[in-house]
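Open the model in your viewer and keep the sequence panel beside it. This tour tells you what to select next and what to look for there.

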Amino acid sequence: MTSATLLTPARTPSGPRGDRPGPAARADERAYIRLLAVLDTGVLAVAILVGYVARFGDEEPSGSEIPYVLVAPGLLLAWLISLRALRCYDDRVLGYGADEYRRVSSASLRLAGGIAIAGYIADVGVSRGFLAISFAVGTVGLEVARFAARKRLHRARDRGAGWSRKVLVVGDTAHVLELVHTLRREPYAGYQVVGACIPDALLAPVPQRLGDVPVVGSFRGIPEAATAIGADTVAVTASGELTATRLRRRGWQLEGTGVDLVVAPALTDVAGPRIHTRPVAGLPLIHVEAPEFRGARKLVKGFVDRSLSFVALTLLLPLLVVIALAIKLDSRGPVLFRQTRVGQGGEEFGVFKFRTMVVNADALLAELAARNETDGLMFKMRDDPRVTRIGRLLRKWSLDELPQLVNVLLGQMSLVGPRPPLPSEVARYDGDVARRLLVKPGMTGLWQVSGRSDLSWEDGIRLDLYYVENWSLAADLTILWKTFGAVLNSRGAY
């Protein structure tokens, strides 16, 4: 496993002060929640209007005694209440993760089911077509609106603005630094570290800092430290002095303060579907399922890969022909470039790409080795003189990789997976990195949608290993969707 940290909430009761009024409640957090409420109201109003117009047009419903002038606002109000009841505005799920989307869908589906049952029992003649269209448009619209609002929030967080949780990190020095690094690696997640508490034995009589994080106290005064720096979240990482009993007592001390308690276990980079918490003798034991590298889900993934690659090749054939002609007219040499890469299980295969470099590019590599701009085993150079004019354009939009659809069709690659490595890279793999070869390499993956060449070697390997351990068909679809944004953004493409 690698160094990323799983934050497991250990929610404290809110006490008599309400749901979560915390001392560090921020205006931008409340503004974001209000924005979501306004967006949801607008989306649902439009969805209900679309349902009415699609079902009845601009005429009054004939042969019906149902006053739709009252049904429409009633449905809107019930839908908003359902979203509130399913905690779709809970700040613990907003802005990061899939739980927000699941709650929105669940609220809509439950309301639709409830209305269908109630209508059948009461024999109310509300048009089924009107309801079906309204719920279909409304559910999709809610998800799209939440996605757009989240992207806006993520951009603000990347700039150091926007609503974020203020976090007090508690633990041993080494583990505090590791957790701080992990949280700062993904600022869009919304965890802003504002201070740290370390064991009493490590405290010094003068003010201390761990990197640029101020040490604001010890384990004895966690609630006071959180209040002093305005933290609304206490993140506890590993420490020999912070036993289970002491941690439970610190949780009691946070009751009623509005401060969340989250625990970062030592087990890292494991996705939610593989984790199951089971209480045993009063202990919340975390059971972790083994990664799945074969079986029915793998067969389905292979079928989906080949089917989509065949469809994509068919639709993109005119574009492929245009690119081939442009390469031929731009520089001397073949249109396609075939390079030996290493696939699943260490089996070598020839990966297809449109040629973006001069024909003697490999011979010139030794002269440019000293100008490598990345760490690790890859060679990357932002202004590589070997790249042709049309090659720069193809690389910017990742069009040079389209012939790899043939590799996917042949079963040598997957649409989503780790980056296909060179044999020279694999020869220098250690035991951990070699786990990348347990699955088929992909045309795109977490590495590609997270920054591509702008990422360090360590971060690229971390993302590839995370995918190997936690792949799923749903995650593949998400990565494919994000690939379009990464290509349009052109970040890290050179």
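The expected span of a helix is 1.5 Å times one less than its number of residues. Helices (H or I, at least four residues) and strands (E, at least two) are DSSP runs, numbered from the N terminus. This is a predicted model, where local features need pLDDT of at least 70, side-chain atom pairs count only at pLDDT 80 or more, and totals for chains, interfaces and linings use all residues. Residues are numbered from 1 along each chain as its sequence is written, and side-chain values use heavy atoms, with hydrogens and water left out.

**Stop 1: the whole chain**

Show the cartoon. The chain has 15 helices and 13 strands. Now colour by burial. Buried means under 20% relative accessible area, exposed over 50%, and partly exposed in between (1.4 Å probe, protein chains only). Of the 494 residues, 43% are buried.

Next, think about contacts, meaning heavy atoms within 4.5 Å. Among contacts with a separation of 6 or more, 73% join residues 24 or more positions apart.

**Stop 2: helix H3**

Select residues 99–122. This is helix H3, with 24 residues. From first C-alpha to last it reaches 34 Å, close to the 34 Å expected at 1.5 Å a residue. Which residues of H3 are buried? They are Glu-100, Tyr-101, Arg-103, Val-104, Ala-107, Ser-108 and Leu-111. An α-helix has 3.6 residues a turn, so residues three or four places apart point the same way. Show the neighbours too: the buried residues of H3 pack against H1, H2 and H4.

Asp-123 follows, with a positive phi near 55 degrees. Most residues other than glycine have a negative phi.

**Stop 3: the largest nonpolar core**

A nonpolar core is a set of buried Ala, Val, Leu, Ile, Met, Phe, Trp, Tyr and Cys residues joined through side-chain atoms within 4.5 Å. The largest one here has 28 residues. Select Tyr-32, Leu-75, Trp-79, Leu-83, Phe-130 and Leu-142, which have the most contacts inside it. H1, H2, H3 and H4 each supply at least two residues of this core. The largest share, eight residues, comes from H1.

Zoom in on Leu-142. Leaving aside residues up to four places away in sequence, Leu-142 touches Asp-40, Val-43, Leu-44, Trp-79, Leu-83, Val-104 and Ser-108. Then look for a second, separate core of 25 residues, which includes Ala-324, Leu-394, Leu-415 and Tyr-467.

**Stop 4: aromatic rings**

Rings of Phe, Tyr and Trp (its six-membered ring) pair if their centres lie within 6.5 Å; planes under 30 degrees apart count as stacked, over 60 as edge-to-face and the rest as tilted. The whole structure holds five aromatic pairs. Select Tyr-52 and Phe-56: they form a tilted pair, 5.2 Å centre to centre, with 55 degrees between the planes. These two are separated by about one helical turn because they are four residues apart in helix H1 (residues 27–56). Phe-56 is buried, at 15% relative accessible area.

Now pick Trp-79 and Phe-135. This pair is also tilted, at 4.6 Å centre to centre and 40 degrees between the planes. The pair links distant parts of the chain: Trp-79 is in helix H2 (residues 68–85), Phe-135 is in helix H4 (residues 128–158), and they are 56 residues apart. Trp-79 is buried at 0% relative accessible area, and Phe-135 is buried at 8%.

**Stop 5: charges over rings**

A charge sits over a ring if NZ of Lys or CZ of Arg is within 6 Å of the ring centre and within 35 degrees of the ring normal. Select Arg-157 and Trp-163: the arginine lies over the ring face, 5.1 Å from the centre. Then try Lys-298, whose charged end is 4.5 Å from the ring centre of Trp-471.

**Stop 6: two loops**

Buried or partly exposed: which is Arg-87? Find Arg-87 in the loop between H2 and H3. Its phi is positive, about 60 degrees, although Arg-87 is not a glycine. Arg-87 is partly exposed, at 31% relative accessibility. Finish at Ser-398, in the loop between helix H10 (389–396) and helix H11 (404–409). Ser-398 has a positive phi of about 60 degrees and is buried, at 14%.
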